[in-house]
Amino acid sequence: MPDTGVRAARAPLPVRSRTRFELHAGAWWLWSLGLGTAATRTTNPLLLALLMAVAGHVVAVHRSSAPWARSYTAFAKLAVAVLLVRLAFTAVLGSPVPGTHVLFTLPEIPLPAWAQGIRLGGPVSAEALLFSGYNGLKLAALLVCVGAANALAAPARLLKSLPGALYEAGVAVVVALTFAPHLIADVQRLRAARRLRGRPDRGLRGLFQVGLPVLEGALERSVALAAAMDARGYGRTAEVPAPVRRTTTALTLGGLLGVCAGTYGLLTAEGGVYGMPVLLAGALAALAGLRLGGRRSPRTRYRPAPWGVRAWLVAGSGAAVAALLALASVRDPGALHPGVVPLAAPALPLWPAAAILLGLLPVLVVPQERKEPS
């Protein structure tokens, strides 16, 4: 006879595999650094706005619900603040760009003779503000690209992929990069708790009453982090033979010098022939030195992040945007660096704009994370 006991059949719980949706953190960072590199090659506001729109769209599609992913909004606000501060400094302190279209005149403060070349106030021209706005927008685009990397990939995940020789330095960099996302998450959590209790969360009073718990939480987190790092053997090194140490030092220093010399050669007209070979040789020597240096820091990786075809496509799309914008800045510098004297509206170059749209490739190749029904 069948068992009549009340025994509920346990169906296997659906395991939510995040690994099929999460991309390697290094791919996201290389993609964002590629967009940031492209932003440094132009001052055209239309191209910079298109770069920021591409980064923002990818973040909107692939950003997770983790607290650190909310830092993109803070980076966007910081970018706007940097642009406004740049314009304000230009209006108050003046600009070396001559201009004939005076928008308004500020009261000028006379300065002593030893401060020649500096002015406070005076006429503010449209050319000076436009030139300052172009350069400020470039810095704002860089901040937006860094914010996209912080929102798409946790810096702690990137630490798993670093070579052993850079592990200790990588820990310090990761701790520094995660400071802003954790601080923003703490402020949002405390402000929400104060609103639920009917207490003010804005103004000077709310700032002081929210700032103290945030500082206390940061101190507690730093103590817990120090204890965790000590428990995991941070700073301990293994014994390495002297010839290996000397070879590692020679390869690393020689490789870095080669990278510097090759980069200088690429940036100058005289070194265009030897720049790329020296750069590649220096990079290979530095990588070999880092590989040997990893013997001093033995460590294991728990569930290392895989680097697959999607990671290559995402990183390659950022590199392609950077390379094509660098090529465009050489072939058509006038389109990527519009002038302000005489005053004229910037034009949108078509093929550089199409190259920037390659940064949207992660939207097509990376699957979106499935949202669980509430």
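How are H1 and H11 oriented to each other: roughly parallel or roughly antiparallel? A few notes on this predicted model, starting there.

1. The axes of H1 (residues 25–39) and H11 (residues 309–331) cross at roughly 10 degrees and come within 8 Å. That angle is under the 35 degrees cut-off, so H1 and H11 count as roughly parallel to each other.

2. On the H1 side, the residues that meet H11 are Ala27, Trp28, Leu30, Trp31, Gly34, Leu35, Thr37 and Ala38. H11 answers with Ala311, Val314, Ala315, Ser317, Gly318, Val321, Ala322 and Leu325. By type, the residues of this contact are 12 nonpolar and four polar, with no charged ones.

3. Now the largest nonpolar core, which has 41 residues. Trp28, Trp31, Leu51, Val314 and Leu325 have the most contacts inside it. Two or more core residues come from each of H1, H2 (45–62), H3 (71–93), H4 (126–152), H11, H12 (333–336) and H13 (350–356). H4 gives the largest share, at 10 residues.

4. Leu51 deserves a click in the viewer. Setting aside neighbours within four places in sequence, Leu51 is in contact with Leu35, Ala38, Ala39, Val321 and Ile356. Of those partners, Leu35 and Ala38 also turn up on the H1 side of the contact with H11, and Val321 on the H11 side.

5. Last, H3. Its 23 residues reach 32 Å from first C-alpha to last, close to the 33 Å expected at 1.5 Å a residue. Ser71, Tyr72, Phe75, Ala79, Thr90 and Ala91 are buried in this helix. Gly94 follows H3, with a positive phi near 85 degrees.

Key. Residues numbered from 1 in each chain as written. Predicted model: local features only at pLDDT ≥ 70, side-chain atom pairs only at ≥ 80, totals over all residues. Heavy atoms only, no water. Axes fitted to C-alpha atoms, helices over the stretch in contact; angles between N-to-C directions. Helix = DSSP H or I, 4+ residues; strand = E, 2+ residues; numbered from the N terminus. Parallel < 35°, antiparallel > 145°, perpendicular 65-115°, else oblique. Contact = heavy atoms within 4.5 Å. Nonpolar A, V, L, I, M, F, W, Y, C, P; charged D, E, K, R; others polar. Core = buried A, V, L, I, M, F, W, Y, C linked by side-chain atoms within 4.5 Å. Buried < 20%, exposed > 50% of the residue type's maximum accessible area, 1.4 Å probe, protein only. Expected span 1.5 Å × (residues − 1).
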